[in-house]
Amino acid sequence: SVPSLASSDGFLQCLSSAIPKQLLYTQSSPSFTTVLVSSTWNPKLLTPSTVRPLVIVTPSSASHVQATVVCGRHHDVRIRVRSGGHDFEGLSYRSVRPEVFAVVDLNKMRSVRVNRNAATAWVDSGATLGELYYAVSKASKRLAFPAGLCPTVGVGGHFSGGGFGMLLRKYGLAIDNVLDATLVDAEGRLLDKKAMGRDVFWAIRGGGGESFGIVLSWKVKLVPVPPKVTVFSVSKSIDEGAIDILTKWQQVAPSLPEDMFIRVQVGVQKQVAEFQSLYLGTSGALLQLMERRFPELGLNQTHCKEMAWIQSVPYSYLGSAATVEDILNRTYSLDYSNKGTSDYVREAITKDVWVKIFGWLAKQDAGIMVMDPYGGKISSSPESATPFPHRGGVLYNIQYLNFWPAATNGASHVKWLKDFYAFMGPHVSKNPREAYVNYRDLDLGENVVVGNITSYKAAKVWGEKYYKSNFKRLAIAKGKVDPHDYFRNEQSIPPLVAGQ
Ligand code: FDA
């Protein structure tokens, strides 16, 4: 049942005494719904029955965030924090079960401060990846940052789960390039790397959003890129040999030089496998490399486009007509709902299985697979270097996605996704079957709360899929920084404390 609203009144009064009124949106505020949906990208997660926050706080300074935590602790109201709102399960703004909670939405804390000479930047969690990339390229055309493809994804949630994109083979994950951070903990203290200590600084870099406190900003190391990069996108139909080429891609893509990244998107309703690439060099060098290592793709000069790295960001994600300014646009269509999940592949899938996979992708109401090759820098760190464990030995990540018109319930699309995921079991990583926390899927397991503390034992079911053996260390870090389990959601890290 929903906790009594008595504590909520006290909480709201506490907030009003510490935070300007115009930064608070209660359910009765005329703008409440507009603010709530502002960074939601999946309409199925906001229906009339969605459990909404009591209030949305849009802090403009660290002290507002600290005050919200202090009020929340005092009045026993939990907080969910939202940066870009792209969580696959909407855990940054909705609760799966009835609960009185507040959302801290960081959309007013989104500055990016680049130090060109030092090749570093401080980026606030509320910034989008597009805003980060844009600010970096304004400061220098020779600098970049390795993170995800979608420009509207928020820095806060993305970094919390690792974060990878087209530079992953050369420079690893976003969190492999984090030097410092500021965190508001469950006591309302504002801590930097030194003050939070080694274990917590390790945990916030990949241990998933929400669990350890609210990360306000991150100091990142920027990475060098050449003045021109080359991009291509080549589609192959089944008749053009898509299945053979894909079978070979599994071995080639993770072992190419680090400057080369080729991802694949397969959706047989479009009847093609689409190979999308970023190469950190000129088209001449790229063509030579492809001729030597992957002639089956049939790449030629007409497929290749040279451009500055920053231009490759809209080109790769938004299409060839998009401009660099488009990566600052935060609006997107709410016409389709979606469901996603993920896998990791450590042993190449055989051709006969690919034939069956293409059969699955041709079914009615089927979705798509997006595959990102690993190898290179992302795979060279030890599994324990950060909470993100999917490194040495991983050939590639699979993201499964299915979409349906928002006005329909999508039951057959979700069923397809679940059935296909079950079919893939024997062909992907095992013991545990690994998954990427940033492609969050509550079907992998949800927390169970025992005596007002999230159960470690129950959480292992989903936790070891996301973190492998790093899960225990994450739970110990949680036990140190938030032993009372204040920062909690359906897949937050449980505190591991003596006797549990
Ligand atoms: P959101 O604000 O919803 O937060 C996600 C989680 O982190 C929530 O649990 C939230 O409470 C918590 N959180 C948010 N801000 C926090 C903070 N400041 N401190 C502590 N916890 C915080 N991933 C990838 O690696 N590469 C890619 O290319 C893409 N592409 C992509 C495209 C699209 C369209 C979507 C929807 C998603 C992706 N992703 C991705 C996945 C993405 O990295 C993932 O959904 C991130 O968690 C989103 O971060 P947001 O801040 O937008 O989400």
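## Basis of the description

Helices are DSSP runs of H or I with at least four residues, strands are DSSP runs of E with at least two, and both are numbered from the N terminus. The model is predicted, so local features need pLDDT of at least 70 and side-chain atom pairs count only at pLDDT 80 or more, while totals for chains, interfaces and linings use all residues. Residues are numbered from 1 along each chain as its sequence is written, and side-chain values use heavy atoms, with hydrogens and water left out.

## The annotated domain

An unreviewed UniProt entry lists residues 49–225 as "domain: FAD-binding PCMH-type"; the positions follow the numbering used here, feature names are shortened, and annotations may be inferred rather than shown by experiment. Over this range the chain is 27% helix and 24% strand. The end C-alpha atoms of the range are 47 Å apart.

## The ligand and its surroundings

The ligand has 34 residues around it, of which V81, S83, S92, F164 and Y436 come nearest; a residue is counted here if one of its heavy atoms lies within 4 Å of the ligand.

Two or more residues of the shell come from each of β3 (78–82), α5 (155–161) and β10 (214–221). Helix α5 supplies the largest share, with four residues.

## N397 in strand β18

N397 belongs to strand β18, which covers residues 396–405. Its relative accessible area is 0%, so N397 is buried (buried means under 20% relative accessible area, exposed over 50%, partly exposed in between; 1.4 Å probe, protein chains only). The side chain of N397 makes a polar contact of 3.3 Å with the side chain of Y344.

Leaving aside residues up to four places away in sequence, N397 touches F164, S342, D343, Y344, V370, M371, D372, Y374, Y436 and Y439, where contact means heavy atoms within 4.5 Å. F164 and Y436, both in this set, are also among the residues that come nearest to the ligand.

## Loops and backbone geometry

The loop between α14 (411–424) and β19 (449–450) contains P432, which is joined to N431 by a cis peptide bond with omega about 0 degrees. G445 lies in the loop between α14 and β19 as well, and is buried at a relative accessible area of 16%. Not counting residues up to four places away in sequence, G445 touches W462, E490 and Q491. G445 and Q491 are 46 residues apart in sequence, yet their C-alpha atoms are 7.7 Å apart in space.

Positive phi values also occur in residues other than glycine. E210 has a phi of about 80 degrees and is placed in the loop between α8 (198–204) and β10; at 7% relative accessibility, E210 counts as buried. D365 has a phi near 65 degrees and is found in the loop between α12 (351–361) and β17 (368–373). D365 counts as partly exposed, at 23% relative accessibility.

The N-terminal end of α15 is capped by S455, a side-chain oxygen of which lies 3.3 Å from the backbone nitrogen of K457. After α15 comes K468, with a positive phi near 50 degrees. The buried residues of α15 are Y456, A459, W462, G463, K465, Y466 and Y467, and they pack against β20 (453–454) and α16 (470–481).

In helix α11 (residues 309–318), W309, I310, S312, V313 and P314 are buried. Their cover includes α4 (129–139), β7 (143–144), β12 (229–237), β14 (272–279) and β15 (305–307). G319 follows α11 and has a positive phi near 110 degrees.

Note on methods. A polar contact is a pair of N or O atoms within 3.5 Å; within protein, one must be able to donate a hydrogen and the other to accept it, and residues adjacent in sequence count only if both atoms are side-chain atoms.
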